[in-house]
Amino acid sequence: MTTIDPEFAEARAREERRARLFTRINKADGWFKVLGLAWITPILRAAAGDNPQAQVREIWRLLMVPLIAILAFLLLWGNLAPRVQTSLGAVPGPAQVWEQAIVLHQDAQAKAAKRDKFYEQVEKRNQKLIDAGRADDIKPIAYTGSPSYYEQIWTSIKTVFFGFLIASAIAIPLGIMAGLSVTANSALNPLIQIFKPVSPLAWLPIVTMVVSAVYTSEDGLFAKSFLVSAITVTLCSLWPTLINTALGVASIDKDLVNVSKVLKMNTWTKITKLVLPSALPLIFTGLRLSLGVGWMVLIAAEMLAQNPGLGKFVWDEFQNGSSSSLAKIMVAVFTIGIIGFLLDRVMFALQSLFTFSNNR
Amino acid sequence: MKLTHAALMISTALCAPAYAEMLDVEKDELKFGFIKLTDMAPLAVAYENGYFEDEGLFVTLEAQANWKVLLDGVIDGQLDGAHMLAGQPLAATIGFGTKAHIITPFSMDLNGNGITVSNEIWEQMKPHIPTMDDGRPQHPISASALKPVVEAYKDEGKPFNMGMVFPVSTHNYELRYWLAAGGLEPGYYSPENISGQIGADVLLSVTPPPQMPATLEAGTIYGYCVGEPWNQAAVFKGIGVPVITDYELWKNNPEKVFGLSAEFVEENPQTTIAITKALIRAAIWLDENDNANRPEAVEILSRSEYVGADYEVIANSMTGTFEYEKGDVREVPDFNVFFRYNATYPYYSDAVWYLTQMRRWGQIAEAKPDTWYDEVAKSVYRPDIYLDAAKSLVDDGLANAADFPFDSDGYKEPTPAADIIDGVPYDGRHPNAYLDSLTIGLKGEQKVVGTEVQG
């Protein structure tokens, strides 16, 4: 019997535990990166007892530098903004913008209270109708007040996704077609090249007129302004997905294509088993770009189509021209930026979920 | 005993709206459009004070980008009704611009506009304006003070541009009236050329009201005529000086109206009366007790979903004063009139005045007989609906019968010469005679052909 040094065994167990811990941290690191929280990893590593010096350097790079940059930006902004005098007063600094963010939040709460009151009124009226023996006349009444800031954000998000989904539903099949067939590609290519650089502002009047002419139903499942904005988003966000899908499909490994021929796969199986899985990374790259473009276009479209989202908010505030208008518009600018960033992260996360290659 | 009696009276007074007979409205969910101007106040007040709900109406108010979008909204049914320029229902009905039969049962206000020039122009005008004893300029200021400035620009070959809000807007006609009264040609329209700049000394173009200050600041225009708060906004921003209010131009001139499509009124007669009732109550509230409720109204209007300008800017004109040059605040108690002087009654004579101005500047290309003016006015302005609503309010105990001209034939007494800046009296019953009495403008059988006035 060999005697095992108990200390040695313990050390080995500790070593193993540590190794396991680090594997976990490394695994989690992938997700942190996806979520834009890469700076958590070095902190965890340091906590787990990794070489502190290396981790401090990492923390510095991933956390401190961005924080310092943001602080420097705020300082610069706070310093320079008051020096620019407009006819609406000085350009607001960070403090005024924060103040207006709070005002908008309080306004949203006040509006929620108003909404409750409105429904009480409706209840009362319904009761009156019941008392008058006209219970049949009762029907749901939509709220008549103006939307709060949060509702406007929600409208924008709904609009952009609606437009984006339509765009994807068109672009992915077309892209696969263009990728699989050289003929389809040369047919689509000139159209793509011509329409890709068109600004949403050019599409909008056409879309407005077409929607007004075609969408005449009275029941109003969608508001016209909603459709106009969403379709404009579609027209502008179609292209990145289309191009990337085509590229992804066209660049499938020739061996795989040959295998499919040997196996005598039909087109459908070929697409689902072979084309899609290998083109997925590029398709997602396209979708991510598309959503980004869509979000950017949306604000302009909403401004002109008067869809009650963030674009209309910015436009209305510009029209109001009150002393707090500029600060409110800046709140909207930050909201737009942050939501755009989050949307991109969501797409990135989805991409990481669905694809296994490094081709991100 | 006395106390309980008083308490009873108060409680009855408070409960009165609840007892009011609810009209059997055909359509109870409505959407109205408006432009960010203080004279949309009756709509905001009727909404905020619950007058629409008292009538069983659930109304959504929606700001519109400009007058064209608003009119198209009413025509194609996206909007059930809207705060409109008095000229819009008339022009639409006679087919100048988009043709559609629009009617108006309710006039929204009197006065409320001003003409503003940029600081630069003001400095050049000032030497030509007589001053009062205290050194402040004498009001009303005539456009004759602007004439030498315009001539100087003309000599340098620079076009003199001014803004108004819509081709058939009160502002277009008021600005033209002021310019013409001062001897400046504001330009004619013709069927081929609808720019309205034929033979013009001053070139007028369209800018939506809320963008006026920004356009002035950018130097695209040297002045503008617009409703409040956009004249006071120029003062607050220090970019311009209002030279005259329309009250000084023509005392108690009719302004905005509430427009509905004729189709809507035909299909929803009870709803139309209910809307009119709510709006009349709002107008009464706005003028009650010598404008006592105005500060509250200003607070409502300053919310970003309505006019959205700063409280102080809106209050400057809504609470009985008007600020000309910075610091030169003068009393103009009737700058905005919402109910007094039968402001809400849709007078045929008001409609006829707008029609005469359309004829005067060539928007109506050919001479029309007096009877034509009367017919058009009667097909667009509907005092019958207004009086039904008023009667219903009086019956409910919500309004005073003495406040309504129940036995009027729809024509106002002729406006005396003293109430108008150039001293030309106006009588709505004789539009052609009135047109002949104006110095500048088409009269009789005159026509605009090419760039010339013929006949």
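**Exercise 1. Work out which hand the crossing of α7(A) and α8(A) has, and how the two helices lie to each other.**

Start with the hand: α7(A) and α8(A) cross in a right-handed way, meaning the near helix is turned clockwise from the far one by less than a right angle. This is a predicted model, where local features need pLDDT of at least 70, side-chain atom pairs count only at pLDDT 80 or more, and totals for chains, interfaces and linings use all residues. Residues are numbered from 1 along each chain as its sequence is written, while chains are lettered from A and ligands numbered from 1 in the order in which they are written.

Next, take the axes of α7 (residues 200–214) and α8 (residues 224–250) of chain A: they come within 9 Å and cross at roughly 135°.

Finally, list the contacts (C-beta atoms, placed from the backbone, within 7 Å). Among them, W203(A), L204(A) and V207(A) belong to the α7(A) side, and L227(A), V228(A) and I231(A) to the α8(A) side.

**Exercise 2. Describe helix α18(B) and find its buried residues.**

First, its length: α18 (residues 383–396) of chain B has 14 residues and reaches 20 Å from first to last C-alpha, close to the 20 Å expected at 1.5 Å a residue.

Then, burial (20 or more other C-beta atoms within 10 Å of a residue's own): the buried residues are P383(B), I385(B), Y386(B), A389(B), A390(B), S392(B) and L393(B). Their cover includes β4 (102–107) and α13 (269–291) of chain B.

Last, look past the end: G397(B) follows α18(B), with a positive phi near 80°.

Methods:
Helices (H or I, at least four residues) and strands (E, at least two) are DSSP runs, numbered from the N terminus. The expected span of a helix is 1.5 Å times one less than its number of residues. A residue is buried if 20 or more other C-beta atoms lie within 10 Å of its own, exposed if 12 or fewer, and partly exposed in between; C-beta atoms are placed from the backbone. Two residues are in contact if their C-beta atoms, placed from the backbone, lie within 7 Å. Axes are lines fitted to C-alpha atoms, for helices over the stretch in contact, and angles run from 0 to 180 degrees between N-to-C directions.
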